[in-house]
Amino acid sequence: MKPLILLIFILVYALCGAELGYSASSPWWSHLTYSFQHGSWLHLAINALGFVGLYGALVQFIKPARLLLMAYAVAVAASLVCVYRLPVVGASAVIYAMLGMYLSLLLFRRIHYRRRGDLWLFLLSVVSFLVISFVKQNTAGMLHLVCLLSGAAIGTLYFKILKR
């Protein structure tokens, strides 16, 4: 499933334009398509790396189709709440939702770091990426934060209540 998603990212980037991104003036269906398009090859590469890493960690705990559906649903719902003037594109909303699910695994001690310093380095990097999201222009900081928190809430619900 992972190679298929990466292939979709590459094909959509190569074949489609920014009309897949959503904004305050875009059609309703762009909320369904924005996470498949990217602004540049670097944007695509960073999101692909984040996706591969988190997907590999989370499929040990969640079936692949369920994981993708939950993360994508969070990204779509968050895009309806966080509307921007300029078009938003990229899979980072999905990745932040998956990151929130990963954080819920850490919270419930289903994932362990052998060295405490590694955990703090990971958490520092998450906070750094969020800060960059709010500071850098053309980045949807609030969308990222909403997806991270929603992913953590869904992960908590899934791991604590549904997976007893």
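**Exercise 1.** In this predicted model, leucine 130 lies in helix H6 (residues 116–135). Determine whether leucine 130 counts as buried or exposed, and state which residues it touches beyond four places away in sequence.

*Solution.* Step 1. The relative accessibility of leucine 130 is 14%. Buried means under 20%, so leucine 130 counts as buried.

Step 1. When residues up to four places away in sequence are not counted, leucine 130 touches Tyr96, His144, Leu145 and Leu148.

Step 2. For a separation along the chain, take tyrosine 102, which is 28 residues apart from leucine 130; their C-alpha atoms are separated by 16 Å.

**Exercise 2.** Classify the packing of H5 against helix H7 (residues 141–162) from the angle and distance of their axes.

*Solution.* Step 1. The axes of H5 and H7 come within 6 Å and cross at roughly 40°. The two helices are therefore oblique to each other.

Step 1. H5 passes H7 in a right-handed crossing.

Step 2. Among the residues making the contact are Tyr96, Gly100 and Leu103 of H5 and His144, Leu148 and Gly151 of H7. By class, the contact of H5 with H7 has 12 nonpolar, seven polar and no charged residues.

**Exercise 3.** Carry out the corresponding analysis for helix H1 (residues 2–15) and helix H3 (residues 41–58).

*Solution.* Step 1. H1 and H3 pack at an angle of about 170°, and their axes are 11 Å apart. Angles over 145 degrees count as roughly antiparallel, so H1 is roughly antiparallel to H3.

Step 1. The crossing of H1 past H3 is right-handed.

Step 2. H1 contributes Lys2, Ile5, Leu6, Phe9, Ile10 and Tyr13 to the contact, and H3 contributes Trp41, Leu44, Ala48, Phe51, Val52 and Tyr55. These residues divide into 11 nonpolar, no polar and one charged.

Step 3. Glycine 50 also lies in H3. At 23% relative accessibility, glycine 50 counts as partly exposed.

Notes
Residues numbered from 1 in each chain as written. Predicted model: local features only at pLDDT ≥ 70, side-chain atom pairs only at ≥ 80, totals over all residues. Heavy atoms only, no water. Axes fitted to C-alpha atoms, helices over the stretch in contact; angles between N-to-C directions. Helix = DSSP H or I, 4+ residues; strand = E, 2+ residues; numbered from the N terminus. Parallel < 35°, antiparallel > 145°, perpendicular 65-115°, else oblique. Left-handed = near helix turned anticlockwise from the far one by under 90°. Contact = heavy atoms within 4.5 Å. Nonpolar A, V, L, I, M, F, W, Y, C, P; charged D, E, K, R; others polar. Buried < 20%, exposed > 50% of the residue type's maximum accessible area, 1.4 Å probe, protein only.
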